[in-house]
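Hello,

Here is the structure I promised to pass on to you.

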Amino acid sequence: MSRLSFRPRPLDIHKKLPIVKSIKEFEEDDAPTATSSTRNSLLPRVATAHDSEKHRTLGKKISQEIPTPQFSTVETYERDYSQTFSQTTSYIHARGARAEIGEFVEYDLDNEDEDWLEEFNNERKILSPEKFETLLFKLEILDHKARERAGVLTPTFGAPVPVLLQLESAAEALQSLSVRSIILQSVYNYWKSKREQWQKPILHHLQPPPPVNDTNPYNVFRPREKAHRLHTRRMQRRENNVQSFEKLRQVRLSLEQAKRVVEVLIKREQKKREFMECAVNLQRTKLKYKHEAQLVDDRMALSGFPGSWKFTSSDDDDDDDDDDMDTDYTQSWPASFYPNYADSNLMVVRKEPIKRELKQRYVSDGWLERMDPDEPIMLFSKPLDSDRLAAFGIMPPSHPPTDDGSVIPAFRARIGRGGRIIFDRCDPHL
Amino acid sequence: MGSMKESKAENGAAAPSPATNGGADPPTSEGEKNTPKRGRSVVSGGTPLEVGTRVMCRWRDQKPHPVKVIERRKILSGGPNDYEYYVHYTEFNRRLDEWVKLEQLDLDTVETDVDEKVEDKPVAEQVMPAVIVYLCTVPAINLKMTRHQKRKIDETHVEHGHEELDAASLREHEEFTKVKNIAKIELGRYEIDTWYFSPFPPEYSDSSKLFFCEFCLNFMKRKEQLQRHMRKCDLKHPPGDEIYRSGTLSMFEVDGKKNKVYGQNLCYLAKLFLDHKTLYYDVDLFLFYILCECDDRGCHMVGYFSKEKHSEESYNLACILTLPPYQRKGYGKFLIAFSYELSKKEGKVGTPERPLSDLGLLSYRGYWTRVLLDILKKHKGNISIKELSDMTAIKPDDILSTLQTLDLIQYRKGQHVICADPKVLDRHLKAAGRGGLEVDVIKLIWTPYKEQG
């Protein structure tokens, strides 16, 4: 029975399971199958060892009848219940609740009432049980209405329920029943003393339910605490009381303070940013001015220079990180800065981003060159100074000599992102 | 199922000695004859049996069965030491607990080693008044007990039908409800012995028999009160909508909110036959489905089930009961099948609220077995548990436990297979019994509660 000693992996309810029609298919397989099939051929109700205890007890029970207490028929039944019912052709539809329909006397006399009535009647026919029932029922309803008007109806049974109905108002309301006032008074007194003894209405449906937190199992039919349960455990823990209200108010206060702090912080950061932008613009302006002046001088020296510089637009400059800054600065650049070519060849726009020109600035420095034209420029980083690098023991790799003895730079140095010094191998075929 | 005959026979056999459940009746003459032989020798000294004593007791089958004394009370008209005893037949469910006379007990078999709990009972309890006070504040298990002793009780104390409750809540439950308060009820044509305690209002605690109006389920303490009530009662059927009719069989849907008193009366009544039903909460969140057999006197309730209007745990049934006179005729299975038909109409899977009683579990297993095996017999090709669930509205967990209990799911070569040998299936189907009454879905005219205005 080694097969029973392990528990198979949990069954996936979405997985299609093959249905094996014949047990022989199983028996042709390996040994464990044989065990299981013989087990199958035993009594079907013998549960397997890995089945829970519950199943096993069930299995035993199928075989024996569960004894139950007994019942017998009531002889008076056919007299008590009349043969006045016939089924309608259509399905029966509910009417409103009995109490709402009105005329039905919902109250049934109990032993106490019957005993009192017997004594009251004293062998004579002063008051019929039916009339007595009606009176008690109406008194209950009137008292309930009186309590409703007085606003003392309680949703649950907390304190004893008082009697508010006065005899006079009861007599007035019950005039239509044409009961002699002396009888009504006796009934009223009896009812009132019964009510005071019970401390609650005697009509079932007017009795308030026990309070929600009452744990006495003899008190039944509490209202539910909540119509719906909250979704998360955290929500369930949160109670709706003064403490949690205070707590929430504290939370709100803290949040408002935090909001103010953050707003001020934002303001400060904006100012800092504006300040920095100003500084950057100033720097750029200085740089640019110096650089452009030089370029313009160079161009002046070269005759027949094919193109010109474009400063007015940056619409094609979209592949660069510091796009916006360029735009800003080109646009804010006053035309008066370029008195030299503003009137000469500005109209011949060369489709080349200005950045390219700035990048080319380093070409002359030999190994300090950028490989990737799209790589953003570290505007304010110092150019790599090979001498200073050497002072720290950082040497560019030696350049292999070429055939003609000239030295072609095989590496280029640059400052990578984060300030690391990077040597890139040059393409020898270039 | 042939079982009806059996219980009828039992009825007949028990008839000559109706004193079995006789409550506070004075000892019969027959009893007087029997007792002196054995009883007096032990009891004559004025020491009645202690609560907790184990002894053999003559049951309705006239054979001795082991019992445990749960409670005792003085016989009103008897001598100072004449007691009757409330006993639990240890072989059976609590529903058969009853008051017995001393002469039914075989005093030669008294086991004196009463458990500790009883010896420690306060003196006040030893002198029981004639009228039993049901409010019991004695803790179920004395605190002086060692952990080992407690465990021992936990282990031995669990009865059939209670397996789904933990030992602590079970003890509490039994302490509160250990003695039935109402011994018999009259409901329509039948006088029925009750099965369990039911928390009727205190005004009814001095009565051992209650008379129920068959239609509105109001209950009274005297027959005359019922007869007077019957003259004015205008109901001939449950106060709800008829949602199913097939021949003389009708199903009514009663809203617990609209018919509160009816719902509460039904709960009081049902609790008399259901051990683990709670009446703790009000009925307005439930719908009650009342199954009736109709004739020219009206629609007679044979059973019912209740259902939450909105269930978060996908319960499609909260309580289910077939009244004892109608049991073992297929009504319970009809009710179960009906609850699943409602679930299908709602487009949801459902499962009964737990714990299930022994009889309830049996009915459910029978239903699940029949439904699932019928599908497996006909189905071609592979099938997943989820598909079975979609077809039947039975919750996947219930499908799994049913198939596993029947050993139909085998784990082979790293995968599960359903082993559906037709012969095996037929045997299981036979054991599960036939459904008896089928639910004819065409006759169900019903709108789910959520869609009702």
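Of the 453 residues in chain B, 57% count as buried. Please keep in mind that this is a predicted model. Chain B has 13 helices and 19 strands. Of its contacts between residues at least 6 apart in sequence, 61% link residues at least 24 apart.

One strand to look at is E4 of chain B, residues 98-101. In a regular strand, side chains alternate between the two faces of the sheet. In E4(B) both faces are covered: Glu98(B) and Val100(B) are buried on one side, and Trp99(B) and Lys101(B) are buried on the other. E4(B) pairs with strand E3 (residues 83-89) of chain B in the antiparallel sense, over four bridges. Within this pairing, Val100(B) is the bridge partner of Tyr85(B).

Now to the interface. Here 94 residues of chain A are in contact with 133 residues of chain B, and the two chains bury about 10700 Å² between them, 53% of it on carbon and sulfur atoms. On the chain A side, Tyr91(A), Tyr218(A) and Phe221(A) lose the most area to chain B, together 8% of what that side buries.

There are also 11 salt bridges across the interface of chain A and chain B. One of them joins the side chains of Glu78(A) and Arg189(B), at 3.3 Å from N to O. Helix H3 of chain A (residues 53-63) gives the most to the side of chain A that touches chain B, with six residues.

Best wishes

Methods. Residues are numbered from 1 along each chain as its sequence is written. Chains are lettered from A and ligands numbered from 1 in the order in which they are written. This is a predicted model: local features need pLDDT of at least 70, side-chain atom pairs count only at pLDDT 80 or more; totals for chains, interfaces and linings use all residues. Side-chain values use heavy atoms; hydrogens and water are left out. Helices (H or I, at least four residues) and strands (E, at least two) are DSSP runs, numbered from the N terminus. Buried means under 20% relative accessible area, exposed over 50%, partly exposed in between (1.4 Å probe, protein chains only). Contact means heavy atoms within 4.5 Å. Two strands pair if DSSP finds at least two bridges between them. Buried area is the accessible area (1.4 Å probe) that two parts lose on being put together, summed over both. A salt bridge is a side-chain nitrogen of Lys or Arg within 4 Å of a carboxyl oxygen of Asp or Glu.
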